[in-house]
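Colleague: I'm new to this one. Can you put it up and walk me through it?

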Amino acid sequence: MTFEDLNIKRQFLNALEDLGFEDPTPIQVKAIPSIANGQDVIGIAQTGTGKTAAYLLPILGNLKFAQSLEPRCLILVPTKELVIQVKSQVEQLSTYTDLRCVALFGGVGPNTQIAEIVAGSDIIVATPGRFTELYSKGHIYTRKIKHLVLDEADRMLDMGFMPQIRRIQEVIPQKHQKLLFSATFPQKVESLCDEFLLWPVRVEASPPATPVSTVTQHKYRLPNFMSKLNLLLYLIQNEKQDIKRLIVFVRTRQLAENITRFLSRKLEDEVRSVHSNKGQNSRHNAMNAFREGDVRILVTTDVSARGIDIPDVSHVINFSVPRQYDDYIHRIGRTGRVFKSGIAITFVDKAEEHHLEQIEDLIQQKIPLIKVPEEVEQPPTPKAEILVMAKEIDDQRKRQDPTFKGAFHDKKDRAVKAKEKKARALKKRKR
């Protein structure tokens, strides 16, 4: 099937040709006809399979051209980075029209965004928080909104946006089309659909929580943090790996900064980091530099795991195993996008093995284990790190078994029993 078969209008076909898109993806084939017919739709597709264009193309075709100053479509996404990306896709697809798009997000002053709203818009792409803020101050009129899109809905719920979503539902016209898109479909998203969508059509390009087939996954088992660092440096410097563009995912902001500094000292490449403690301009500049190819290595927390479309990411390395298991799907989905191949590597230590097992259960496949190269130094684990990992393992066992007291208590119990046994033996000898 071609885009013409999906009845995409000529001005958008021209834009697709300019972007180099020849054939629609499975989610686009399944979703576009239902959305074009005005139905509520739940779209579930692996990340990187073109689900943003799957809802944008029929909506843009419905809007056709600019009309009044008031918006007719509202697209809600969880983060500023995704707002900017979706707005960019709107502009690329509507190149041959006069449709106007405004991006609303927090972390910056609202005056520029207010001025753009006043100048007129057909589409607003926004985070729920900034949209409700500007609406409550009287800067946004919602009476002409005909389309509402919730993109990365599971992430918005994880971030606590449910009150804002409910508020937005109350202030837009009752008769409007609702679209919900995500790569995963947990119970809380299903509850959201039951609450807001009316007789929705559910379209799936793959079962929920299924990794993209173009991504090759494997894992390394390592004893400690320094071993992970040494392997990371080895893989980057090894020409056989052919790492053209790499995203390294970590758990914490401090870890992102530490690894960035380490790699910057060891490599000639410029390395950037992105996390929630960075300023908006710093995050935006780092993402742009990575997207344009000026930076080969990006170290980031899960703030970049969702919806960020960066072409030609050849490798993703999970330096830390995510504790939110759905995030693994989104992380590795930064590579292998739109029919291109990619490699996802996960480093796992003893304390993370349980979490990776849960991820393997989620994706219903075992991730192949690769032997650590002999050239990679694996120093002894420091005592402090051993204690941290032991505590995390204890916490895991306590969640599984509430009666479990912890390794410390086991050690103490063994010592008490040994002391009692020694006392009994001594008493027996005295007799």
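Modeller: Let's start with histidine 147, which is found in strand E5 (residues 147-151). Strands (E, at least two residues) and helices (H or I, at least four) are DSSP runs, numbered from the N terminus. This is a predicted model: local features need pLDDT of at least 70, side-chain atom pairs count only at pLDDT 80 or more, and totals for chains, interfaces and linings use all residues. Residues are numbered from 1 along each chain as its sequence is written, and side-chain values use heavy atoms, with hydrogens and water left out.

Colleague: Is histidine 147 buried or exposed?

Modeller: Buried, because its relative accessible area is 6%. Buried means under 20%, exposed over 50%, partly exposed in between (1.4 Å probe, protein chains only).

Colleague: What does histidine 147 touch?

Modeller: Leaving out residues up to four places away in sequence, its partners include Ile59, Asn62, Leu63, Arg72 and His176. Contact means heavy atoms within 4.5 Å.

Colleague: How far is histidine 147 from isoleucine 310?

Modeller: 27 Å in space, C-alpha to C-alpha, and 163 residues in sequence.

Colleague: New topic. Which residues touch the most other members of the largest nonpolar core?

Modeller: Tyr55, Leu57, Ile75, Ile123 and Phe181, out of 38 residues in that core. A nonpolar core is a set of buried Ala, Val, Leu, Ile, Met, Phe, Trp, Tyr and Cys residues joined through side-chain atoms within 4.5 Å.

Colleague: Which elements supply at least two residues of this core?

Modeller: Among them are helix H1 (10-19), helix H3 (51-63), strand E2 (73-76) and strand E6 (177-182). H3 gives the most, with eight residues.

Colleague: And what is leucine 57 in contact with?

Modeller: Beyond its neighbours within four places in sequence, leucine 57 meets Phe3, Ile8, Phe12, Leu16, Ile32 and Leu93. There is also a second, separate core of 32 residues, including Ile114 and Leu192.

Colleague: What about strands E10 and E11, how do they pair?

Modeller: In the parallel sense, over four bridges, with E10 at residues 271-274 and E11 at 297-300. Pairing needs at least two DSSP bridges between the strands. From E10 the chain runs through helix H12 (residues 280-292) to E11, a right-handed β-α-β crossover. Right-handed means that, with the strands pointing away from the viewer, the path from the first strand over the helix to the second runs clockwise.

Colleague: Last one. How many helices and strands does the chain have?

Modeller: 16 helices and 13 strands. Of the 431 residues, 52% are buried.
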